[in-house]
Amino acid sequence: MSKYENAMKLMEELCGNGKEEVIALATISLSPNAAGSPSPAVRMVCAYYEDGIFYVSTDAKKNKILQIEKNKEVSVAGLGWYTFQGRAENLGWVKDEKNAEIRAKFKEIFDWFDEVGDEDNPNSIVLRITLTEGVIIDNAEKYGEKKYEINFINKTVK
């Protein structure tokens with residue numbers, strides 16, 4: 001197996017396999033700091049991971065979505081020893097026909113979704129975070145490497 005294949009296998013084991021993953025999602029705040037520079041904003045969100053993408057159920061009126069509308073570049077991190085950069089996109093209402101497969105996975109993976117997903121509200125949306133690059137650490141060196149610097153676009157690892 002290549003380093004990239006090993007890294008993807010590790011990603012699937014840590015974040016995927018149809019389970020809920022709590023991640024830190026960082027965006028750029030709409031309000032600059034005192035010096036006028038952009039400020040980061042971070043929050044914890046429930047997501048599921050599949051093929052280089054995290055999917056999040058959220059409300060379109062939340063600050064994170066308003067911030068993403070202005071700057072789609074985001075960062076994510078998890079307790080599984082990974083940090084990634086990516087591009088976020090509002091896929092629209094969770095009950096939209098085009099989101100049927102994702103909605104079904106939300107219902108299967110998130111045991112809270114039926115109760116608090118508020119899916120009849122048109123502002124209840126799917127947020128897709130497509131990973132572009134980042135680092136995952138494997139302290140056990142399960143696949144022979146301790147650190148994988150992943151380029152998801154070119155499908156390479158250093």
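Predicted model: local features only at pLDDT ≥ 70, side-chain atom pairs only at ≥ 80, totals over all residues.
Close-up 1. You'll find A47 in strand β2. Helices (H or I, at least four residues) and strands (E, at least two) are DSSP runs, numbered from the N terminus. Is A47 buried or exposed? With a relative accessible area of 0%, A47 is buried. The cut-offs go like this: buried is under 20% relative accessible area, exposed is over 50%, and partly exposed is in between, using a 1.4 Å probe and protein chains only.

Residues are numbered from 1 along each chain as its sequence is written, and side-chain values use heavy atoms, with hydrogens and water left out.

**Close-up 2. Helix α3 and its buried side.** Which residues of helix α3 (residues 100-109) are buried? They are I102, K105, F106 and I109. These four sit on the same side of α3, because they cover an arc of only 105° around the axis; the arc is that of the directions from the helix axis to the C-beta atoms. Here's the general rule: an α-helix has 3.6 residues a turn, so residues three or four places apart point the same way. The cover over the buried residues of α3 includes β2 (40-50), β3 (53-59), β5 (82-93), α4 (113-116) and β6 (124-137). E108 also lies in helix α3, but E108 is exposed, with a relative accessible area of 65%.

**Close-up 3. A cluster of aromatic rings.** Y48, Y55, F106, F110, W112 and F113 make up one aromatic cluster. In the structure there are ten aromatic pairs. Rings of Phe, Tyr and Trp (its six-membered ring) pair if their centres lie within 6.5 Å; planes under 30 degrees apart count as stacked, over 60 as edge-to-face and the rest as tilted.

**Close-up 4. Helix α2, one side in and one side out.** In helix α2 (residues 63-70), the buried residues are K64, I65, Q67 and I68. They share one side of α2, since their arc around the axis is only 160°. What do they pack against? The list is β1, β2, β3, β4 (73-78), β5 and β6. Now check the face turned away from the buried side: N63, E69 and K70 are the exposed residues there.

**Close-up 5. The largest pocket.** The largest pocket holds about 210 Å³ of space. Of the 16 residues lining this pocket, S57, T58, D59, K64 and W112 are the closest to its centre. On a 1 Å grid over the protein atoms alone, a pocket is an open set of points where a 1.4 Å probe fits, with protein on both sides within 12 Å along at least five of seven lines, and lining residues have an atom within 4 Å of a point; a cavity is a set the probe cannot get out of. Grid points are joined across faces, edges and corners, and a volume is the space filled by probe spheres set on the points. Which strand gives the most to the lining? That's β3, with four residues. The lining splits into seven nonpolar, five polar and four charged residues. Ala, Val, Leu, Ile, Met, Phe, Trp, Tyr, Cys and Pro count as nonpolar, Asp, Glu, Lys and Arg as charged, and the others, Gly among them, as polar.

**Close-up 6. Two loop residues with positive phi.** N17 is in the loop between α1 (3-15) and β1 (21-28), and its phi is near 55°, a positive value in a residue other than glycine. N17 counts as exposed, at 53% relative accessibility. K155 lies in the loop between β7 (147-151) and β8 (156-157). Phi of K155 is near 55°, again a positive value in a residue that isn't glycine.

Technical notes
Contact = heavy atoms within 4.5 Å.
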